[in-house]
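Here is a short note for a colleague opening this structure for the first time. Please read it with the model in view.

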Amino acid sequence: MAEVDVEKKAAGRMLQPAKGYLTGFTHSLNPYIGCAFGRPVDNLGRDAVGCPYCYVRRLPVALLHPKPWGTWVTVKEGAPERLRRELRHSRVRGETLRIFLGSSTDPYQPVEGRWKITRELLRVIAEEGGVDQLVVQTRSPMVLRDVDLLRALGKKVRVSLTVETDDENVRRLLTPTSPPVFGRIRALARLRRAGVLTQAAVSPALPMNPDRLARLLAEAADRVVLDTFHLGDGSGGKRSRLLGMARRLEAAGYEGWFDPDLHLRLIPIFVGILGPGRVGLGAAGFAGMNLA
């Protein structure tokens with residue numbers, strides 16, 4: 001695996017106004033800049049990266065950095081203290097806070113094991129209060145480490161773990177630096193048993209056995225959000241096409257998985273197993289809305 005450079009930078013504003021895909025949220029919150037799950041994979045060729053479909057790779061934060069996306073992570077020094085001040089100011093102003101934690105980085109990527117910025121942000125939120133809703137988005141079972149704080153936050157917090165497929169061969173082919181699929185599913189189940197609200201983000205939907213995955217997630221998660229390249233990349237699939245996803249899927253023999261109407265094939269299967277009250281779709285689904 002390629003090395004990841006860890007940089008440090010004084011934290012600026014932590015609660016950023018939500019925009020674009022984050023319908024239903026007021027703010028985004030990111031403990032790091034950059035994401036090591038997107039690091040290049042040396043033995044798979046020069047263009048092979050850990051998460052080739054990640055939309056952040058097409059944003060200025062990635063395009064303007066001198067180093068390739070995935071090879072660097074910036075730690076936001078002083079982030080917990082900065083967040084505490086912002087929460088107190090927000091409380092004085094009587095603001096509603098619906099926060100999405102992990103919109104442009106994974107809060108539980110490997111550097112979190114050392115720096116623990118995410119854990120300290122959760123601690124600040126638990127101590128300060130004033131947050132109406134918090135969604136923690138990750139693909140890492142490391143989130144289990146913080147079950148104590150997540151339980152302390154009660155029903156205001158929902159942990160959303162990405163589970164794009166039930167096929168480890170697909171995971172190794174398309175997201176080789178991400179944690180194994182079944183480790184994520186087990187993490188969801190453990191969180192749910194601990195009383196933490198859980199969400200499986202099938203986002204974006206990668207080649208899978210949808211019946212099998214729906215049944216696994218019905219046991220492990222409180223709800224599921226379905227998303228596709230065309231629904232979720234913020235550009236109707238154009239950004240994903242520029243990232244080469246149509247070509248990658250076709251070359252691997254997975255025709256049809258870049259289809260703009262893929263969600264219409266998946267919805268009946270997931271709803272048939274979980275029921276409409278446990279299935280969301282796209283941006284509205286991430287905001288907590290279920291299919292009727």
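**Notes on the model**

1. Y53 is buried, at 7% relative accessibility (buried means under 20% relative accessible area, with a 1.4 Å probe and protein chains only). F229 is buried too, with a relative accessible area of 4%.

2. This is a predicted model: local features need pLDDT of at least 70, side-chain atom pairs count only at pLDDT 80 or more, and totals for chains, interfaces and linings use all residues. Residues are numbered from 1 along each chain as its sequence is written, and side-chain values use heavy atoms, leaving out hydrogens and water.

3. The whole structure holds six aromatic pairs (rings of Phe, Tyr and Trp, its six-membered ring, with centres within 6.5 Å). The ring centres of Y53 and F229 lie 6.1 Å apart with planes at 70 degrees, so this pair is edge-to-face (planes over 60 degrees apart). Y53 sits in the loop between β4 and α1, and F229 in helix α9, so the pair ties together parts 176 residues apart in sequence.

4. W69 and W72 also pair edge-to-face, at 5.7 Å centre to centre and 90 degrees between the planes. W69 is buried at 7% relative accessibility. W72 is buried at 1%.

5. Helices α7 (residues 181–193) and α8 (residues 210–220) pack at about 30 degrees, with axes 8 Å apart. That makes α7 roughly parallel to α8 (angles under 35 degrees). The contact (heavy atoms within 4.5 Å) includes F182 and I185 of α7 and L213 and L216 of α8.

Technical notes:
Axes are lines fitted to C-alpha atoms, for helices over the stretch in contact, and angles run from 0 to 180 degrees between N-to-C directions. Helices (H or I, at least four residues) and strands (E, at least two) are DSSP runs, numbered from the N terminus. Angles under 35 degrees count as roughly parallel, over 145 as roughly antiparallel, 65 to 115 as roughly perpendicular and the rest as oblique. Rings of Phe, Tyr and Trp (its six-membered ring) pair if their centres lie within 6.5 Å; planes under 30 degrees apart count as stacked, over 60 as edge-to-face and the rest as tilted. Buried means under 20% relative accessible area, exposed over 50%, partly exposed in between (1.4 Å probe, protein chains only).
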